[in-house]
Amino acid sequence: MEVEKADLAVGKEASDNANAGRAGRRGSIYPDGLTTTLHLDDLDYLIECLQKSLGEVKKVGLFPFYEQVELFARQITDVTFSELLEKFDENCRLDGSYFLCKHDHIKKVANMLEKVQGLSLEDRFNFCFAPVNIRDPKEMYHLLRFVQSYAQNMPVSLAMGMSKSSARNDTELLDLESKHQVVSMCIYGCRITSRRKLFRM
């Protein structure tokens with residue numbers, strides 16, 4: 001099962017440590033990274049947070065690997081993937097040190113992809129973990145288009161018009177961030193499907 005730290009009573013310091021930790025890439029040729037703040041006034045606070053210990057982890061969140069979901073799916077037939085996850089949640093038993101990770105975002109993606117024909121259970125599982133903001137209709141639309149093209153064995157294209165200049169205001173910055181997320185999602189999709197040749201800019 002995949003492991004996730006508990007989100008119980010986690011303070012701002014732990015969140016800052018987690019975000020700063022992403023600056024270094026574990027297991028890569030860049031094990032160390034740099035982190036900073038947008039405003040100079042916040043830098044002392046960031047340094048203070050990074051010097052604090054994170055404390056003892058009381059519980060750990062788990063989520064099943066695909067193979068575990070596949071075994072469970074053999075016992076439960078004629079349900080959607082979202083319903084399968086719900087039944088897994090209802091039937092799994094964990095001791096007091098563990099909890100099943102929140103997965104409402106996974107179910108939302110699963111429900112959206114339910115109408116796409118030609119996907120295996122493994123395809124559905126993998127696409128439900130795509131790095132997509134489920135509150136952004138543009139990102140969800142591009143994920144659906146990607147998956148539909150994949151299911152039809154068609155080339156996947158990105159048609160979203162890129163700006164030729166830097167963002168000049170918050171709206172343009174949010175739009176740029178959304179497009180970056182779409183590109184990240186497409187790269188993820190190509191990686192999990194091993195179908196890079198289907199990707200077309």
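**Aromatic rings and their surroundings**

A: Phe-127 is buried, with a relative accessibility of 1%, and Phe-146 is buried as well, at 3%. Keep in mind that this is a predicted model, in which the chain has an average pLDDT of 80 and 80% of the residues reach at least 70. Two stretches have to be set aside with care: pLDDT stays under 50 over residues 1-11, and it stays under 50 again over residues 196-201. Where pLDDT is low, the predicted coordinates should not be read in detail.

To describe a pair of aromatic rings, one gives the distance of the centres and the angle of the planes. The model has seven aromatic pairs. In one of them, the ring centres of Phe-125 and Phe-129 are 5.0 Å apart and the planes stand at 50 degrees, so this pair is tilted. Phe-125 is buried, with a relative accessible area of 5%, whereas Phe-129 is partly exposed, at 27%. For Phe-127 and Phe-146, the centres are 5.9 Å apart and the planes make an angle of 65 degrees; because planes over 60 degrees apart count as edge-to-face, this pair is given that name. Phe-127 belongs to helix α6, residues 121-127, and Phe-146 to helix α7, residues 137-151, so the pair ties together parts that are 19 residues apart in sequence.

Phe-125 and Phe-129 also belong to one aromatic cluster, together with Phe-63, Tyr-66 and Phe-81. Phe-81 leads on to helix α4, residues 81-91, where Phe-81, Ser-82, Leu-84, Leu-85 and Phe-88 are buried. When α4 is seen down its axis, these buried residues fall within an arc of 160 degrees, and they therefore line one face of the helix. Among the elements that cover the buried residues of α4 are the strands β2 (60-63) and β3 (98-100), along with the helices α3 (66-75), α5 (104-113) and α6.

The side chains of Glu-86 and Lys-107 form a salt bridge, at 2.2 Å from N to O. Glu-86 lies in α4 and Lys-107 in α5, so this pair ties together parts that are 21 residues apart in sequence. Glu-86 is partly exposed, at 29% relative accessible area, while Lys-107 is buried, at 14%. Salt bridges with shared partners join Glu-86, Asp-104 and Lys-107 into one network.

Technical notes:
Residues are numbered from 1 along each chain as its sequence is written. Side-chain values use heavy atoms; hydrogens and water are left out. Rings of Phe, Tyr and Trp (its six-membered ring) pair if their centres lie within 6.5 Å; planes under 30 degrees apart count as stacked, over 60 as edge-to-face and the rest as tilted. Buried means under 20% relative accessible area, exposed over 50%, partly exposed in between (1.4 Å probe, protein chains only). Helices (H or I, at least four residues) and strands (E, at least two) are DSSP runs, numbered from the N terminus. pLDDT is the predictor's confidence in each residue, from 0 to 100. Contact means heavy atoms within 4.5 Å. The arc is that of the directions from the helix axis to the C-beta atoms. A salt bridge is a side-chain nitrogen of Lys or Arg within 4 Å of a carboxyl oxygen of Asp or Glu.
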